[in-house]
Amino acid sequence: MVRVSTTHLPTADPARTARLREALLAAAFTADGLLDLLGAPAYAALARGETVPALRATRGDGPLETLVRLFLLQRPAGRARAAAALPVEDCLAGGWLVPDGDDAVRATVDVRPYGGPDGQDWWIVSDLGCAVGGAGGIAGGTAGPSGVERSELVLGVGGASTTLAGITVRTPVESALDLGTGSGIQALHLAQHATRVTATDLNPRALRMAGLTLALSGAPEPDLRRGSLYEPVAGETYDLIVSNPPFVISPGARLTYRDGGMAGDGLCRTLVGRAAAHLNDGGHCQLLANWEHVEGEDWRERLASWVPQGCDAWIVQREVQDVAQYAELWLRDAGDHRAGPEEYAARYDAWLDEFEARRTKAVGFGWITLRKSGAGRPSVIAEEWPHPVEQPLGATVTGHFRRQDFLRTHDDAALLATRFRLADEVLQEQVGLPGAEDPEHVVLRQNRGMRRATKVDTVGAGFAGVCDGSLPAGRILDAIAQLVGEDPVLLRDRTPEAIRLLVEQGFLTPVDAG
């Protein structure tokens, strides 16, 4: 068994933790308070892991400056100055602080303010130096400032964490599972709309850290379980499963927080393939993933083969990197760029050898959402969408699967009998040469959700423009046929495919099937 350290971690004593939370609020040690103190440039720099602007902005001796230096910048503070900002004796007894010399204290963990979706003030607890970026943020050696091995470090909130939180379906549920909880950010979100939250992790240090995050943020205590993948919840089912797993495709399992330990993208494939057995009917499983682009295989077909029977799936590829770019990214994440040239080259070679052996030409990153529909004809859509989107996307995800249900149960005749409404904030753009009588093409563009754009012909543009839910699609097409002098029967025959595409992509919403 691998030794996992839980040294230098506070305890979540309810009374002491509550007094600490009150002190943080009183000092405005919140996301908004930080922005006001630091200013936008220093605040943004801190989010990138750059501390110099924040150090300059916290040269005063107020409580907020003290808390920023202690918990975010990992600087010691004199006892008297610390006592003016927080209950020092509670923090020493609870392990949030330790003595530093005769008359100073320092923090044992990073405590970072985080704004909840409804304006809540939360705090994410992680290892020192790991709130932003990977283990490469720890300078030198194999251990962090707390003496914790890199392989055991617990990271704070990064871009992947916020992305997953943004795409998660937020309808109220009875039970939710955060698989691979890390510092507990997903469990904290789930606690707002799930009656019962279970959080798992292979790393017991991460479970302790997640418990601290939830306790300090005032969330209900979760059910914390140690183990890999679905092992800790064998035989149990949930309404919602979320996971920001260790998805990195690497030649080894050096770092628990990122390396899955399975060949290639096997960990993500296993998570997807086993999800149905742990979902209640109608339940969702949402995760971030990396996947291989294998020579001679279509990545869409490859990922579609992962989807378990009885589940609909929406797979969105957000980014693709060639294998050299990918290896360099994660070598830097691990701090390997600070090793000697020969050691760095050897590790780089090991990554490329692994990719060559697996015929991997590139690696994709994106989101995978499953819904246990039980449909005989499941909807499995894998698409590439690298463009900006509007977070949060939970309602967009729900709408996607609702529209798939509609399309699956409506043939062309039923489609033409349905009333549709144009989605909110859809704009029409006409593209063509200046002065031309007619545009070369017409584009419908969404300003919400996925922010899609799609080309339509004049009939499609006219149809979408009058969809206000008052008339069935067939009646609208008949009117358009009369206006353009086209046979209405032929127009009814050729248009349903275009309507289906507009519905699938969220430009049109079914009102009823009247």
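Predicted model: local features only at pLDDT ≥ 70, side-chain atom pairs only at ≥ 80, totals over all residues.
**The three-stranded sheet**

Select β1, β2 and β3. They form an open sheet of 3 strands in the order β1-β3-β2, and the pairing is antiparallel. The edge strands are β1 (77-78) and β2 (97-99), each of which pairs on one side only. Now keep β2 and β3 (residues 104-107) in view: 3 bridges link these two strands in the antiparallel sense. Within them, V98 stands opposite R106 of β3.

Follow the chain out of α5 to Q74, which sits in the loop between α5 and β1. Most residues other than glycine have a negative phi. Q74 is not a glycine, yet its phi is positive, at about 55°.

**Helices α2 and α5**

To see the contact, show the side chains of L34 and L37 together with G33 in α2, and L64, E65, V68 and L72 in α5. By class, the contact of α2 with α5 has 5 nonpolar residues, 1 polar and 1 charged.

Which strands stand at the edges of the next sheet? Select its 8 strands, in the order β8-β7-β6-β9-β10-β12-β11-β13; the sheet is open and its pairing is mixed. The edges are β8 (223-226) and β13 (380-384), each with a single partner strand, so one side of each has no neighbour in the sheet. From one strand to the next, the twist averages 20°.

Zoom in on β6 (residues 173-179) and β7 (residues 194-201), which run parallel and are joined by 6 bridges. The bridge partner of L179 is T200 in β7. Then show helix α8 (residues 159-167), lying across β9 (238-243), β10 (279-294) and β12 (360-372). Relative to β10, α8 runs at about 145°.

The peptide bond from Q391 to P392 is cis, with omega near 0°, whereas most peptide bonds are trans.

**An aromatic pair in α14**

The whole structure contains 10 aromatic pairs. One of them is formed by Y344 and Y348, with 5.9 Å from centre to centre and 80° between the planes, an edge-to-face arrangement. Both residues lie in helix α14 (residues 341-357), 4 residues apart, which is about one turn of the helix.

**Helices α17 and α18**

Finally, select helix α17 (residues 458-465) and helix α18 (residues 473-484). They pack at an angle of about 130°, with axes 10 Å apart. At that angle, α17 and α18 are therefore oblique to each other, and their crossing is right-handed. Show V459, G462 and F463 in α17, which meet A473, I476, L477 and I480 in α18. What classes of residue make up the contact of α17 with α18? There are 6 nonpolar, 1 polar and no charged residues.

Conventions:
Residues numbered from 1 in each chain as written. Heavy atoms only, no water. Axes fitted to C-alpha atoms, helices over the stretch in contact; angles between N-to-C directions. Parallel < 35°, antiparallel > 145°, perpendicular 65-115°, else oblique. Left-handed = near helix turned anticlockwise from the far one by under 90°. Contact = heavy atoms within 4.5 Å. Nonpolar A, V, L, I, M, F, W, Y, C, P; charged D, E, K, R; others polar. Pairing = 2+ DSSP bridges. Phe/Tyr/Trp six-rings, centres within 6.5 Å; stacked < 30°, edge-to-face > 60°.
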